[in-house]
Structures are given as C-alpha cells and as structure tokens.
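Student: I would like a close look at a single part of this chain. Please take it step by step.

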Amino acid sequence: MATISLKVHLCSQQTVKTLQFDASSSVHEACLEIRRKLGDAVGGEDHALFWPAKSKWLVPTKTLAFYELAPGDTVEFKKKHRMLRIRLLDDTVKTVLIDDSLPVLLLAQSICGKIGIANQDEYSLALEEHVDVTKGAKKKSLDSTDNVTWLNPEKSLPEQGVEESATLLLKKKFFYSDQNVDRTDPIQLHLIYQQSRDGIISGKHACTVDEAVQFAALQMQIVHGNHDDAKHKLGFLNLREFLPEEYRKAKDIEKRIYGEHRKLVNMPELTVKHRYVQLCRSLKTYGVTFFAVKEKDTKKNKVVARMIGISKDAILRCDAESKEVLQTWPLTSLRRWAASPTMFTMDFGDYQDAFYSVQTTQGEQMSQLIAGYIDIIIKRKKEADRAIATGAEEVITTEEVVRPARAQAIAIKPAQVNTAQEIVLAQQGELASEGANAATVGQAAMRTTHQAAMSSIQPVAVNVVNPPSPDPGVAAVLQRVSQGQSAVQTLVTEMTLALAMPVNSRDASPTDPARLFAQTTALAHLASHLAAAAAVVQATSIVDTPAIAHHVGQLSTNLNSLGAAAKTLHANGAANQLPELTRDIANATNRLLATVQEAVTTANPTRKRCLQLRKPSRRRRLPCSRPSTTRHPATRPRGNANCKMPQSRYRSPCRTWSTRQRRWRARWRPRRRKCG
C-alpha cells in the first residue's frame, strides 16, 4: 500500500502539519483522516482540500493518486464556502454565500436562485472592464466582449485566477427565452431593460433616428417621470445618457424626445420598461453576440475584417463596416466546430462546400457560446416533453410487477402527444489545410472541439405508419407504435452522443450506493422490457389489439428509463459499453415494432372463426371392439374446401357404427359454416 506525505496547512489555526495518507484513498477519506488525527477543531464538514500550486479544489470522489501529488506538496484544509460580491447592471451590489469549489456554470445558477432570477442557465459571471458606457462606443466596434470578460463556465473561480476580494458582474449571456419575460417577472424585466439600454446607448444595437427618439423618450419616462413643460426644456437632458453617439448632434433631437415623452403621461414604470424591451427586441441585432474576426479573401488574396454574429437561431457573417448581413447559416446546420488560440473553424455540412475558417483570438468564447445555446435548447426540449406528458388529458398510469427478476414496470399512457427530439453529437474537430476541401481534410490538434449535428448517428429504419384502420383497437396500436418509434430514435441519438463524449472516469467504489442503485434500476427496466417484448409477441400472434397497445406502451416507457440509467452508469465510468448495448436493444425494439405494425395492418380484425363449437358433451364415449384409423363419413369436412380453420377433433374409431351412434355423434360434432 503506497503512502504519500503531504504538508497540510490548517487555515483556521494558521499552522502546518505533515501527515501521511494512503495514495489510493479518496480526498473525502483524507479529510476524515485529518479531522480524526487533529481533532474537529481544525475544521468541520464544510472544509475541503485546496491545492494552491494548481489553484484548484480537490474533488472529494477522486483519489489522491489521481492528482499526482508529490511527497512534500502543500495542500490547504479550509472552508469551501465564502462571501462573494456580485454587481448587477443597475449598479446594485449584492453579497451572497457561494461554494468556491463549484464551476462557474453551477455557481451562476446558484446565485440567480438566491436573487430570484428565473431562466438561470441564461446568465453567467464576468470580469468587468471599467468603461463608461454613457460615453458611447464607435459604431464600428460591435464587439462581443461588451467591455466584459466572460468566465469559463467549466472551471471554478480559483482556477481562473479570481481573487476573493473581486466583484463579479452577473449578466445575461444567452438570449433564448427572454421573449417570454413580461411584467409578471419584474426582476428579469428590469435586468433585461438595463442591458438593452446599455446596448442602445453604446451603439451595439444599430437603430434609426426615429427608434433612438422612441428609446430616449421611454427612458426619460422611467428616470424623470411624467413630462413637465416648466422643467423639461432644451438643455435639460444629458444626451450622452440617452442617445447613441451618432444621433446626439442631430437637429431638434431633444425637442423630438420631449414630444414623444408627452405621450407617456401616467404610464406605469413596468409598462414603460416592457415597451422599451419590446422595441429593442424588434431590432435585427437583438440577441446576437458579435465577434470581430478576419477572413481570407481568395479573390484579392488578402485578409479582410468581418463580424461573426451568434444567436439562438443562426450564425451570421456580416460586413465589419456597414454591418450588412452577407451570409446566414441556421444553427441546426452546424455539424461541428473547433477553436484554437488564433483560428476558429466551422463545418456546415451541405450548407457549405468547404470548412469556414476565420482568424480570431476569441475562438474559445465563440465555442462556449455555441455550446451554451445547444445545451439550453436540449434542456428546454426535455422540459417541454415532461410538461406535455404531465399535462396531457386522459392520462392513465398502470403499474405491474413483472416476474422474474422482480422488475417493476410503470407505464404512462398519455393521450395523443407528440414528443420533441434533439440530435446532438460531439466529435473531434477537423481543420482543413489551406486550399483543401471537405474531402481532403486532416485532423488538427485543437484545444477545444465540439460538434452538434447528425454526422455519425446510425439511421433508424422507421416504417411509415399506414392510414389508421376504422377499428379503434388497430388505431390505438398504430398510435403506440408511432410513439415507440419516436422513443427509439431519441434513445439511439442519446446513446450515440454518450459514446462520442469522453467518460468521466471516477474512482467510485463498486459498493457505492449511487452506483448500485443505478445498476439495480437498469436491470429492473431491462427485465421489464424483455417481459413486455414477450407479451407483445404473444398478443400479436392472436391479434389481441388492446393487449398489444398496452405492452407496446410499456416498451416505450422502459426504453426511456433504460436510457437514463445507461447514461448515468456510463458517465460514472461504470459501464463503457452499456450505451452501445442499449442502442442495440433500441434497434431490436424498432424491428419488433415494425413487425407489430405490419401484423395489425395486414390482418383482418373483423374475421370470425369458421367454427363455433357447442358446449362439450359430458357423455361417455361408446367403446369400439374393432379399432380403425379410417375417418367416419359423418366427420368429413363440408362447406368451403379452402377453409384453413382446424376441422373436427372427433374421429370415427370404427366402420361399424350403428345408426343411433352416428346420429348421436352428428349431434355433438362441431357445427360448421363457410369462411368469410
């Protein structure tokens, strides 16, 4: 058993102790060992190990050997929680308690929750550059930084060199669902108004002179209240605080502002802010983050300045001088992208013949912005799916215990509900050499690489659903089959994404409760899925449409649960091949659904049995002294010679039946009729 000797700096007592630890023990176990040897006075459960040489907190689930600590290295045993000063765009400063070991992404969501801000995943933290926005900015500098430096969402504050005394700016970074913000959400409406106002005054959002007058009048109503002719005269306004720089010297501009201001008398402040934000949303540049880049002009063989705009819907290529949009790519067409310290490359698949590369030092920020929008889109779609399933009418929930394996299946049967699907794939970025096309591309070692599309997703063969049968049972089966095929597509996409993403290799013990629970859940859903598949096969053989619809619904539910358990285990590094196996199960399920669909659409559900048997006789069969295998004439098939139904199970044991015996036999034999 390897041991390691570390210097532990006890921050609460300002002393340093040298202790020996087992290198294979986890960081959490090392903290327990410190408290056991030195007493609880050195720190409680909120204390953790911090590595000052790397400026990072040690993750409790990792082992000491994972960090490659050398003997004699110094670690600090101190509190993870501390106070952080947060400044909002209205210059208010709030002090909140944070967990310093969390990444910025989770930290921003925690801060938004404490302040009372909805849509927490659309806000982030930034380091502010002290620039007076009221002085305006030149129109040509539509820069993405907005005088701030966004922090990396995947790293903690110490890893990015943020001091404990620093004041961070909380600002909206992603403009995805702000269209739904109105007067019912005054906190978000106020923050969006502040950010929109700064964008208008600084020149980030290009607007006409009439629109600038409208913005200034609305802002004046918010700041100064109703119009007063005795007070609001020429020279009263400081135009630097109300207008972009290019309109401050326009003729009669202040007079026009007062004229529009008179129309807003007695309008509530929330209503005025809402109108200001609505007018700002109508601008072409609203919600678009611009980056100053340079691209190579192949015709003139020189480098020209361009602007790349990124929004929730598209990626824009604009002229740096006139801000004219030269080209637009839908965000869904972006197959992959890659960032390096000096370049940023995008692959739009069929929308572009070759890779589009630009020169920029902000490639990392562009990559984080695109990845953030894609994460929000996926999250919103999943929330919408859950909301639709929860609010669906006539929802029936059935629960049954499936044996063997003690599996418990819970099947939700909603009414006709369409499910949203997302298709995302991460893959190593590829950068084309100069003059190369997409077919001759070579791999490049990039610092950050992402992909968002369907490049290597295996297509799932989904049969086209035939027009529903008049039989309501067949229609119900076809509806459940369609829902099951959608669930198969979603699961195949998620498992392909899980295989492409790197595995977070944790040193979790095989007896970890969370891991055991995930394994038990996966086995239970797998057993339930196999039992439901067997029940589908049995019900299809006799064309029992209610039973088919019920068990096909169970297949869809079990697929979703099995996929969630598989992703959890794969993310913990417990089963690297589980996503591939789950994808194979999904493809097999899809083939089963296709067979079920074909069976119920080609079969005639109104077909009756050709034979109707009477109640079996309780009389004892007469004995026969001379057995024979010859069939009695009375039992020979009559009616339709092409009848496929099974004939009488009674056979004549003898040729010498009496008339009475033949009559008795004919009375109790099955009554036949024609097929049809």
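Student: Which strands do the buried residues of helix 1 pack against?

Tutor: Keep in mind that this is a predicted model. The buried residues of helix 1 pack against strand 1 (3–10), strand 2 (15–22), strand 3 (47–51) and strand 5 (74–79).

Start with the helix itself. Helix 1 covers residues 27–38, which is 12 residues. At 1.5 Å a residue, helix 1 should span 16 Å.

Now the buried set. In helix 1, the buried residues are V27, A30, C31, I34 and R35. They cover an arc of only 140° around the axis, so they sit on the same side of helix 1. The spacing follows a general rule. An α-helix has 3.6 residues a turn, so residues three or four places apart point the same way. That buried set is what packs against strands 1, 2, 3 and 5.

Next, the end of the helix. Just after helix 1 comes G39, with a positive phi of about 95°. Most residues other than glycine have a negative phi. E68 has a positive phi too, about 55°, although E68 is not a glycine. E68 is found in the loop between strand 4 (56–57) and strand 5. Strand 5 is one of the strands that the buried residues of helix 1 pack against. E68 itself is exposed, because its relative accessible area is 67% and the cut-off is over 50%. V543 is another non-glycine with a positive phi, about 50°. V543 lies in the loop between helix 9 (513–541) and helix 10 (545–571). V543 counts as partly exposed, because its relative accessibility is 37%.

Helix 3 (residues 186–202) and helix 4 (residues 209–224) pack at an angle of about 135°, with their axes 12 Å apart. That angle makes helix 3 oblique to helix 4. Their crossing is left-handed. From helix 3, Y193, R197, I200 and I201 meet F215, Q219 and I222 of helix 4.

Helix 3 has another partner, helix 6 (residues 269–281). Here the angle is about 50° and the axes are 9 Å apart. Helix 3 is therefore oblique to helix 6. Helix 3 passes helix 6 in a left-handed crossing. On the helix 3 side, the contact residues include P186, L189, Y193, R197 and I200. On the helix 6 side, they include L270, K273, Y276 and C280. Y193, R197 and I200 also meet helix 4.

T589 lies in helix 11 (residues 578–602). T589 is buried, because its relative accessible area is 5%. Leaving aside neighbours within four places in sequence, T589 is in contact with V488, H529, L555 and L559. L497 lies in helix 8 (residues 472–500). L497 and P579 are 82 residues apart in sequence, yet 9.1 Å apart in space, C-alpha to C-alpha.

Finally, the whole chain. The chain has 12 helices and 24 strands. Buried residues make up 43% of its 676 residues. Among contacts between residues at least 6 apart in sequence, 64% join residues at least 24 apart.

Notes: Residues numbered from 1 in each chain as written. Predicted model: local features only at pLDDT ≥ 70, side-chain atom pairs only at ≥ 80, totals over all residues. Heavy atoms only, no water. Helix = DSSP H or I, 4+ residues; strand = E, 2+ residues; numbered from the N terminus. Expected span 1.5 Å × (residues − 1). Buried < 20%, exposed > 50% of the residue type's maximum accessible area, 1.4 Å probe, protein only. Arc of directions from axis to C-beta. Contact = heavy atoms within 4.5 Å. Axes fitted to C-alpha atoms, helices over the stretch in contact; angles between N-to-C directions. Parallel < 35°, antiparallel > 145°, perpendicular 65-115°, else oblique. Left-handed = near helix turned anticlockwise from the far one by under 90°.
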